[in-house]
Amino acid sequence: PRSATQKPQASTPQQEGNGDPRIVYVGAVSEHKGLLHLVDAVARLRRVWPRLHLDIVGGSRYDTEFRDQLVSRVAGAGLTDAVSFHGHVEEPRCYYRKSIVHVLPSLCEEAAANVVVEAKSEGIPSVVYGFFGLVVIVPWIQRTFNTAAGNSLLAAIIILSIMILPTIISISENALRAVPQSYREASYGLG
């Protein structure tokens, strides 16, 4: 693995496969993504799991100043051996497979459907759902039903319904790809 001070270039987890527990972040490397908080969290988690490793997959051509700040934070926390920057990769699924959890520590509301679908299609738990439930669903239930606490069976049902969507999407995509070309052409002919 590259240290945090080295220039990122594409690599694969198979090149690094040492069996250590891994957390993966896939996305743009920019300040609003919450990566500084993620590095701080990894520093705290390493007190409990000293071999924990963070893979940051992605980059940004616009925010090199933030990347330098992130690299400094990694070095300041003594995590140069525990954080790898992989830069932009075309196919991040191999990183999901090597990790124990996928994190999306964004500091703002944003659509994260693609990375969540990719992570779930590889069977990797994503902490996005619980956070979304606590920040959006629970307060909505409190306001809508005028209850003291929104932590309820309804909140769990809504979150579980959302959690199953990536599996349904993945299965649907696979089923659509499996349709023979002759069937597609025939369906076009029927209108």
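A: One term is needed at the outset: a residue is called buried when its relative accessible area is under 20%, and exposed when that area is over 50%. Please also note that this is a predicted model.

Q: With that cut-off, how many residues of strand β3 are buried?
A: Five of the five residues in β3 (residues 83–87) are buried. V83, F85 and G87 lie on one side, S84 and H86 on the other, and both faces are covered.

Q: In what order do the strands of the sheet come?
A: The sheet is open, with four strands in the order β3-β2-β1-β4 and parallel pairing.

Q: Why is one side of β3 and of β4 left without a neighbour in the sheet?
A: β3 and β4 (101–102) stand at the edges and each has a single partner strand, so one side of each has no neighbour in the sheet.

Q: How many bridges join β2 to β3?
A: Four bridges join β2 (residues 53–57) to β3, and the two strands run parallel. In one of these pairings, D55 has S84 of β3 as its bridge partner.

Q: And what about β1 and β4?
A: β1 (residues 22–26) pairs with β4 in the parallel sense over two bridges. I23 stands opposite V101 in β4.

Q: Turning to the helices, which strands does α2 lie across?
A: Helix α2 (residues 35–48) lies across β1 and β2, and runs at about 180 degrees to β1. Helix α3 (residues 64–76) lies across β2 and β3, at about 155 degrees to β3.

Q: Where is the kink in α7?
A: The kink lies at L165, shortly before the proline P166, and is about 25 degrees. From first C-alpha to last, the 25 residues of α7 (residues 153–177) reach 37 Å, close to the 36 Å expected at 1.5 Å a residue. P166 is also one of the buried residues of α7, which are A155, I159, P166 and S170.

Q: Now the core: which residues touch the most other members?
A: In the largest nonpolar core, which has 22 residues, these are I56 and L70. β1, α2, β2, α3 and β3 each supply at least two of its residues, and α2 gives the most, with five.

Q: What does I56 touch?
A: Leaving aside residues up to four places away in sequence, I56 touches Y25, V29, L70, V83, S84, F85, H86 and G87. There is also a second, separate core of seven residues, among them V26, V89, C94 and Y95.

How values were computed: Residues are numbered from 1 along each chain as its sequence is written. This is a predicted model: local features need pLDDT of at least 70, side-chain atom pairs count only at pLDDT 80 or more; totals for chains, interfaces and linings use all residues. Side-chain values use heavy atoms; hydrogens and water are left out. Buried means under 20% relative accessible area, exposed over 50%, partly exposed in between (1.4 Å probe, protein chains only). Two strands pair if DSSP finds at least two bridges between them. Contact means heavy atoms within 4.5 Å. Axes are lines fitted to C-alpha atoms, for helices over the stretch in contact, and angles run from 0 to 180 degrees between N-to-C directions. The expected span of a helix is 1.5 Å times one less than its number of residues. The bend at a residue is the angle between axes fitted to the seven residues ending there and the seven starting there. A nonpolar core is a set of buried Ala, Val, Leu, Ile, Met, Phe, Trp, Tyr and Cys residues joined through side-chain atoms within 4.5 Å.
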